[in-house]
Amino acid sequence: MLEMGKAREPNFLVLFFFGLILGFGISSEGSQIRHYKWEVEYMFWAPDCNENIVMGINGQFPGPTIRANAGDTVVVELTNKLHTEGVVIHWHGILQRGTPWADGTASISQCAINPGETFFYNFTVDNPGTFFYHGHLGMQRSAGLYGSLIVDPPQGKKEPFHYDGEINLLLSDWWHQSIHKQEVGLSSKPIRWIGEPQTILLNGRGQFDCSIAAKYDSNLEPCKLKGSEPCAPYIFHVSPKKTYRIRIASTTALAALNFAIGNHQLLVVEADGNYVQPFYTSDIDIYSGESYSVLITTDQNPSENYWVSVGTRARHPNTPPGLTLLNYLPNSVSKLPTSPPPETPAWDDFDRSKNFTYRITAAMGSPKPPVKFNRRIFLLNTQNVISGYVKWAINDVSLALPPTPYLGAMKYNLLHAFDQNPPPEVFPEDYDIDTPPTNEKTRIGNGVYQFKIGEVVDVILQNANMMKENLSETHPWHLHGHDFWVLGYGDGKFSAEEESSLNLKNPPLKNTVVIFPYGWTAIRFVADNPGVWAFHCHIEPHLHMGMGVVFAEGVDKVGRIPTKALACGVTAKSLINNPKNP
């Protein structure tokens, strides 16, 4: 199979590069306004065959898919039907140029939408790619508030690669414990950790107390599903001898995942909405907040079906893999594959994870990073104890967001709304990343890193030992309002000797990047998008416990902010005193 893949590669690459040279996918002609009217509410659902309460949109879980063309304007009229909670929605990967108030981050870009209220999100989708949306208040993403957001090339343009059909896959993890109980547990003394998820969901579907692959293991209980249940597998229907694009996005709250299809190679062509140098692989690792597109060719035995398997990585695998079928039509979906599902790589095989991650480079013709940076910030993430509470901190500051959104406070110079002392830009040179932290100076804070417009910023993310000895975890970091170049990764502590290893030739553009245990990751971006932007670990409980920072740039250049985005905290008081201008 691998040899077949190599034989096909040159023809594909010719088409891919030819498409990039012609500029496929970039145009503003023929753009449309796409209007959606949504209501967010709790509802009973059985995502893994066990009835529970989920947060849905218009009675759907996951929420409706948004599909638009690059250059289109998306308007979402969002009404909060929750009885006692506010809500916001973040459009993950959408840069929000000119509309920073629509980024959907509570206490950063807007006030939470109160129960019974309606808020209009209005933004342009600039680039084609695979994206998604999710709640960004408390841990509402864990409750099921998420859905897909697919941006196609502008009307009349094409992707730089050919495919006959498309499959959209949104990955998530699911707990039987409510998010409210999880939040209280994380904020308790002593902490009550949320534990591993009960189920991996594929497009909102999974099986907790049974397995569709039980015939290969007598210890498993077979599922007795009719196919119409909310937990029945989402089947990938394909025809033989065709090429399919599988869009994969991970909105997991905790789990890092591995995706594989039995007997099929995956050709990776997109990461986080940006084209990458195509390469073949048997499986991919995908961290929370990431998205990929892979191409598969259905050239296997057409009389068989094949397993699609999604297993957990980087954490002890206490959660069974999520499974479904690649169904070669006209075969019946009841015909199970002759072999068991692909085996997920060992959870702690980080060398394998790094091998995949390091292969991701930008496609030919992609924008290159500036050669030099104007400013470099070192961010050390540590697990700490503050007044008996377990927290995560960056350079000894654990983020606790203020009640007034930064965007409004900074736009209208309400500087008493948050800490005016910026957080540290470095950590002590003699800090030992291989031993547990001492917690001597860790504090709660909400200061901001402020950049000049056009400033070229490097961020070195540095991982370290947790409070328990010999333990360091992976963390996927997501930046709002920007794509960034991933310049490199390394083991141990970043030093000046690492400078020569940074990739300035073809680094990939991404919006989410992983730091491996006891390692570092270097990124570069241009601060050219006026607004206030979150940069944080995309693991839901880690952000809840303080693992994040706030960036701001050119806020004085931000246009008028909708009144409803400012109707809380000190900006609300200003609105009362001067409704025309807070």
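Colleague: Where is the place of Ala572?
Modeller: Ala572 sits in helix α6, residues 569-577. Keep in mind that this is a predicted model.

Colleague: Is Ala572 buried or exposed?
Modeller: Ala572 counts as buried, because its relative accessibility is 19% and the cut-off for buried is under 20%.

Colleague: Leaving aside neighbours within four places in sequence, which residues is Ala572 in contact with?
Modeller: Leu566 and Ala567.

Colleague: And how are the C-alpha atoms of Ala572 and Pro428 separated?
Modeller: By 40 Å. Along the chain, Ala572 and Pro428 are 144 residues apart.

Colleague: Let's zoom out. How many helices and strands are there in the protein?
Modeller: The protein has six helices and 32 strands.

Colleague: What radius of gyration does the protein have?
Modeller: The radius of gyration is 23 Å. A compact globule of 582 residues would be near 25 Å, so the value agrees. Along the principal axes, the C-alpha atoms fill a box of roughly 70 × 55 × 50 Å.

Colleague: What percentage of the 582 residues is buried?
Modeller: Buried residues make up 61%.

Colleague: And the contacts in the protein between residues at least 6 apart in sequence: what share joins residues at least 24 apart?
Modeller: That share is 79%.

Colleague: On to the cores. Which residues have the most contacts inside the largest nonpolar core?
Modeller: Trp38, Trp91, Tyr121 and Phe535. That core has 93 residues. There is also a second, separate core of 31 residues, with Ile167, Leu169, Tyr328 and Phe356 among them.

Colleague: Why would residues three or four places apart point the same way?
Modeller: Because an α-helix has 3.6 residues a turn.

Colleague: Now strands. Is β19 mostly covered or uncovered?
Modeller: Mostly covered. Strand β19 spans residues 322-328, and seven of its seven residues are buried.

Colleague: In what sense do β18 and β19 pair?
Modeller: Antiparallel, over five bridges. Strand β18 covers residues 306-313. Trp307 stands opposite Leu325 in β19.

Colleague: And in what sense do β11 and β19 pair?
Modeller: Parallel, over three bridges. Strand β11 covers residues 236-238. His237 stands opposite Asn327 in β19.

Colleague: Backbone checks next. Is the peptide bond from Phe61 to Pro62 cis or trans?
Modeller: Cis, with omega near -10 degrees. Pro62 is in the loop between β2 (52-57) and β3 (66-69). The bond from Lys189 to Pro190 is also cis, with omega near -5 degrees. Pro190 is in the loop between α2 (179-186) and β10 (199-202).

Colleague: What is phi of Asn203?
Modeller: Near 55 degrees, a positive value in a residue other than glycine. Asn203 is in the loop between β10 and β11. At 14% relative accessibility, Asn203 counts as buried.

Colleague: And phi of Asp396?
Modeller: Near 70 degrees, also positive and in a residue other than glycine. Asp396 lies in the loop between β21 (389-394) and β22 (397-399). Its relative accessibility is 30%, so Asp396 counts as partly exposed.

Colleague: Last topic, the annotation. Which residues does UniProt list for "domain: Plastocyanin-like"?
Modeller: The UniProt entry, which is unreviewed, lists 40-155, 168-329 and 438-554.

Colleague: What are the helix and strand percentages for 168-329?
Modeller: That span is 5% helix and 42% strand, and its end C-alpha atoms lie 18 Å apart. Residues 438-554 are 4% helix and 47% strand, with the end C-alpha atoms 37 Å apart.

Methods: Residues are numbered from 1 along each chain as its sequence is written. This is a predicted model: local features need pLDDT of at least 70, side-chain atom pairs count only at pLDDT 80 or more; totals for chains, interfaces and linings use all residues. Side-chain values use heavy atoms; hydrogens and water are left out. UniProt positions are given in the numbering used here, feature names are shortened, and annotations may be inferred rather than shown by experiment. Helices (H or I, at least four residues) and strands (E, at least two) are DSSP runs, numbered from the N terminus. A nonpolar core is a set of buried Ala, Val, Leu, Ile, Met, Phe, Trp, Tyr and Cys residues joined through side-chain atoms within 4.5 Å. Buried means under 20% relative accessible area, exposed over 50%, partly exposed in between (1.4 Å probe, protein chains only). Two strands pair if DSSP finds at least two bridges between them. The radius of gyration is taken over C-alpha atoms; the globule rule is 2.2 Å times the number of residues to the power 0.38. Contact means heavy atoms within 4.5 Å.
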